[in-house]
Amino acid sequence: MPTLAPIADDVHAIALTPRSGVNAYLLGDVLVDAGMTFQAGALLKALQGRAVSALALTHAHLDHAGGARKVATTLGVPYWAGARDAEAASTGVAVMAGGLPGPLAPLAQRIGNFPGHPVARELVEGDEIGAGFVVLDTPGHSPGHVSYWREADRTLVCGDVLNGMHLLTSVKGLHTPPAKFTPNVADNTASAKRLAALRPARVLFGHGPAWTDPDALERFAAGL
Ligand SMILES: [Zn+2]
């Protein structure tokens, strides 16, 4: 049963699996990401009694957008996504990186699909979303992947530009997302270097616990 954990001023983390394996965040009253389709009910329970004004994605993949339709319709809030991910979020058909070969390709695509929902606002670089956070355009893991940055206390919500854990072992550490699920690895590397150069005091990942060591982050990004 996920709960809201305060993690910075007016910021809560909502771990949808043990060890922060899949995360959503509440930035002021803006919910960021909605987990997998089957996690929507638990996420809604965790949000009970909380004001939520919008659901904003980091990117349109099934482990972030899967629960979006149920969460947005149940709460009656608008759905926001990065402009170049808006079509994928609306249709539920993610942009994939090759996937399985030949006759299995349509199967791989179907596995990556999720319930689509109309996007009411297409987010672009510099947009303010609330609680002092602005949109950073960080493409690569998906074409319209965005991150959310608050300069005042150097809090960064980075989605899957970087993972804060090994996805198979769930051991904490910095990793790039699997190339198989990253249509443009070069763009994602540039996005990771850009985010590391901000020297965030805390990085809040789609997968993994918060990272609070900007020096180690810079060293990791320099090695990419
Ligand atoms: Zn993810």
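Which residues coordinate the zinc ion? They are Asp63 (OD), His64 (NE2), Asp160 (OD) and His207 (NE2), at 2.0 to 2.2 Å. Keep in mind that this is a predicted model, where local features need pLDDT of at least 70, side-chain atom pairs count only at pLDDT 80 or more, and totals for chains, interfaces and linings use all residues. Residues are numbered from 1 along each chain as its sequence is written, and side-chain values use heavy atoms, with hydrogens and water left out.

**The zinc site**
- Donors are N, O and S atoms within 2.8 Å of the metal (3.2 Å for Na, K and Ca), and sites may look incomplete because water is not among the atoms.
- In sequence, the donor residues follow the spacing D-H-x95-D-x46-H.
- Two of the donors are Asp63 and His64: Asp63 is buried, with a relative accessible area of 16%, and His64 is buried too, at 0%.
- Buried here means under 20% relative accessible area, with a 1.4 Å probe and protein chains only.

**Helix H3**
- Helices are DSSP runs (H or I, at least four residues) and strands are too (E, at least two), numbered from the N terminus.
- In H3 (residues 68-75), the buried residues are Ala68, Val71 and Ala72.
- Looking down the axis of H3, you'd find these buried residues within an arc of 90° (using directions from the axis to the C-beta atoms), so they line one face of the helix.
- After H3 comes Gly76, with a positive phi near 65°.

**Around Tyr79**
- Setting aside neighbours within four places in sequence, Tyr79 is in contact (heavy atoms within 4.5 Å) with residues including Leu55, Ala68 and His117.

Terms used. Buried < 20%, exposed > 50% of the residue type's maximum accessible area, 1.4 Å probe, protein only.
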